[in-house]
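Me: Hi! I have a structure open and would like to talk it through with you. Could you help me find my way around?

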Amino acid sequence: MKLALIQLDIVFGNPEKNKQNAQTLIEHAIKQSPDTVILPELWTTGYDLTRLNAIADPNAADIRAFAGDLAKKYQINIIAGSVAKQKGDKVTNTMTVFNRKGECIKEYSKVHLFRLMREERYMEAGEADGLFSIDDVSAAGFICYDIRFPEWLRRHVLQGAKLLFIPAEWPAPRLDHWRTLLTCRAIENQAFVIACNRAGSDPENQFAGHSLVISPWGEILAEAGDKEEILFADIDIASIDAIRNRIPVFEDRRPELY
Ligand SMILES: O=C(O)CCC(=O)C(=O)O
């Protein structure tokens, strides 16, 4: 499976501009014939939380039209990062996933809200899992801070997920946490980790970039720099079973003890 991670430099609070930029980058990526395109967290608005009333996406209708049309036009899967989804008086940090027909096959709302960026004051946490399949491969989605909760990812892997997609807005001062946590999640779950961060800054944070694709053996297959770029990687799905047979972690677990 060929992946294209769109490490966007998000324009604060400007969905129209961000959609234009994302479309340009996606159409650039298409020239390399990717199977799956991934976008970052809250990429239409950034963390412009105080203006969500004006800029959130009602019922995620806008992202459904934008990413659904591109997925159908280019016959690709799109993990459309996350957007601020407005439903009634609630806003969630919601990831959407589109198949090659342009159908929205999953919505996942971030379960662990990040207090350091005051997310819990403006958003409601999700309550449901992030499982889906693309091209018949079991996968799951998580959003940024979710990666600090290994038991949440593990639950999805125990239900079959082999590709772990992670859109993020991870700040630069904790780049070492980003790399270490993602590598651990790949090794302990013997699964591919595909993590698309944003580049650039907002009024309060400098973001890390360094989107990553990590193999189930913990090897970094591709890593972006700290600026806007498209990161490409080819992953070999069959390698997952080979690694799981070599070190049979899932057979050796002792769930009766923990
Ligand atoms: O956990 C972290 O250090 C960063 C998390 C974050 O920035 C987020 O969830 O948006």
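Reply: Happy to; below we go through some strands, a few residues and the ligand site.

Me: What kind of model is this, and how are residues numbered?
Reply: This is a predicted model, where local features need pLDDT of at least 70, side-chain atom pairs count only at pLDDT 80 or more, and totals for chains, interfaces and linings use all residues. Residues are numbered from 1 along each chain as its sequence is written, and side-chain values use heavy atoms, with hydrogens and water left out.

Me: Thanks! Is strand 1 buried or exposed?
Reply: Six of the six residues of strand 1 (residues 2-7) are buried, so this strand is largely enclosed by the rest of the structure. Buried means under 20% relative accessible area, exposed over 50%, and partly exposed in between, with a 1.4 Å probe and protein chains only. Strands (E, at least two residues) and helices (H or I, at least four) are DSSP runs, numbered from the N terminus.

Me: Which residues sit on each face of strand 1?
Reply: K2, A4 and I6 are on one side, with L3, L5 and Q7 on the other, and all are buried.

Me: Which strands does strand 1 pair with?
Reply: Strand 1 runs antiparallel to strand 13 (residues 229-234), with six bridges joining them, and Q7 stands opposite E229 there. Strand 1 also pairs with strand 2 (residues 36-38), in the parallel sense over three bridges; here L5 is opposite I38. Two strands pair if DSSP finds at least two bridges between them.

Me: How does the chain get from strand 1 to strand 2?
Reply: The chain passes through helix 1 (residues 15-29), in a right-handed β-α-β crossover. Right-handed here means that, with the strands pointing away from the viewer, the path from the first strand over the helix to the second runs clockwise.

Me: New topic: where is R198, and what does its side chain do?
Reply: R198 lies in the loop between strand 10 (192-196) and strand 11 (212-214). At 1% relative accessibility, R198 counts as buried. The side chains of R198 and E169 make a polar contact of 3.3 Å. A polar contact is a pair of N or O atoms within 3.5 Å; within protein, one must be able to donate a hydrogen and the other to accept it, and residues adjacent in sequence count only if both atoms are side-chain atoms.

Me: And what is around the ligand?
Reply: The residues around the ligand include E41, K110, C144, R148 and E169, where the cut-off is a heavy atom within 4 Å. A polar side-chain atom of K110 lies 2.7 Å from an oxygen atom of the ligand. For R148, an N or O atom in the side chain is 2.7 Å from a ligand oxygen atom, while for E41 a polar side-chain atom lies 3.3 Å from one.

Me: Nice. Is H156 buried or exposed?
Reply: H156 counts as buried, at 0% relative accessibility. H156 is in helix 5, and W152, L153, R154 and V157 are among the other buried residues of that helix (residues 150-158). After helix 5 comes G160, with a positive phi near 115°.

Me: Last one: how do strand 5 and strand 6 pair?
Reply: Strand 5 (residues 90-98) and strand 6 (residues 104-109) are antiparallel, over five bridges, and F98 stands opposite C104. Their hairpin has five residues between the strands, and G102 takes a positive phi near 85° in that hairpin.
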